[in-house]
Amino acid sequence: MADDENSKTAIPNIDPKSKSLKAEVSDIFGMVSHISAIVLTGYVAYLAWPFPDLFSWHPVLMTFAFAFLMPEAIIFFSPESSLVPKGQRSTKVNYHVATMLAAIVCGSTGFAIIYINKNMHGKEHFTSWHGTMGLTVICYTFVQACGGTVSRYPKLIMGKLKPARLKLYHATSGFFLFTMVCATLVLAFFSSWFVGRTNDIGWYISLMTVALLSLTIMQQVTNAYVPKAFKKPSQQY
């Protein structure tokens, strides 16, 4: 009996609510990503103020759409960084859809502005890498939205793919899209408009915010979906 009592007292008392080091790091990383999205969007708006011409709305709307709304829409599904961590998946999906729709509206408006502005000044379209990548991102965003619709309503494709696979493909494609978004944002930092208004510190901070956002999304998608991709279909989700 004494041995049994000693063995019981030797068992460490582990708090089930305590977080692992990985979870703590993810929490910090998520908080920094939220701040980064706000800082970059606010900084671009500051550079564009007081919006003296039509073009000045283009960088603000595009940054708001793709550096703030889009990453926030993705991070809703993060177990550590979500703004609604205790919400049900259906609730997170609704937030994701609403935020992505807002991103599409803002991005499309920003794209329309630069297109109209170039027409007004008699300039050619898509002559730079930034412009070409921007067009690709806009088109890809609509394709991704269609994929998200199919992922949410798998009956649209008459059961040709299982819901688990649709979620995996949609998340992987979304990560690829956001990688292209980040590349387009970085190319924008080399534009004459941005370089002519910022300084060295602001330029490097902007670059760091995009890098942090990209790393956050990469970490979230890989942690959530890569391990499941190698499981049997019956074990997924």
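A pocket is an open set of points on a 1 Å grid over the protein atoms alone, with protein on both sides within 12 Å along at least five of seven lines, and its lining residues have an atom within 4 Å of a point. The model is predicted, so local features need pLDDT of at least 70 and side-chain atom pairs count only at pLDDT 80 or more, while totals for chains, interfaces and linings use all residues. Residues are numbered from 1 along each chain as its sequence is written, and side-chain values use heavy atoms, with hydrogens and water left out.

**Figure 1. The second largest pocket and its centre.** The second largest pocket has a volume of about 920 Å³, a volume being the space filled by probe spheres set on the grid points, which are joined across faces, edges and corners. Its lining comprises 36 residues, of which Phe55, His58, Ile114, His130 and Ser191 are the closest to the centre.

**Figure 2. Helices around the second largest pocket.** At least two residues of the lining come from each of H3 (57-75), H4 (89-120), H5 (129-152), H6 (163-188) and H7 (192-195); helices are DSSP runs (H or I, at least four residues) numbered from the N terminus. Helix H5 gives the largest share, seven residues. By residue type, the lining holds 21 nonpolar, 13 polar and two charged residues. Here Ala, Val, Leu, Ile, Met, Phe, Trp, Tyr, Cys and Pro count as nonpolar, Asp, Glu, Lys and Arg as charged, and the others, Gly among them, as polar.

**Figure 3. Glu72 in helix H3.** Glu72 belongs to helix H3. The residue is buried but has no salt bridge, and Lys92, the nearest side chain of opposite charge, is 12 Å away. Buried means under 20% relative accessible area, exposed over 50% and partly exposed in between (1.4 Å probe, protein chains only). A salt bridge places a side-chain nitrogen of Lys or Arg within 4 Å of a carboxyl oxygen of Asp or Glu; Lys and Arg count as positive, Asp and Glu as negative, and His and the chain ends are not counted. Beyond its neighbours within four places in sequence, Glu72 is in contact (heavy atoms within 4.5 Å) with His34, Ala37 and Leu83.

**Figure 4. Leu161 in the loop between H5 and H6.** Leu161 lies in the loop between H5 and H6 and is partly exposed, with a relative accessible area of 35%. Not counting residues up to four places away in sequence, Leu161 touches Leu166 and Tyr169.

Note on methods:
On a 1 Å grid over the protein atoms alone, a cavity is a set of points where a 1.4 Å probe fits but cannot get out, and a pocket is an open set with protein on both sides within 12 Å along at least five of seven lines; lining residues have an atom within 4 Å of a point.
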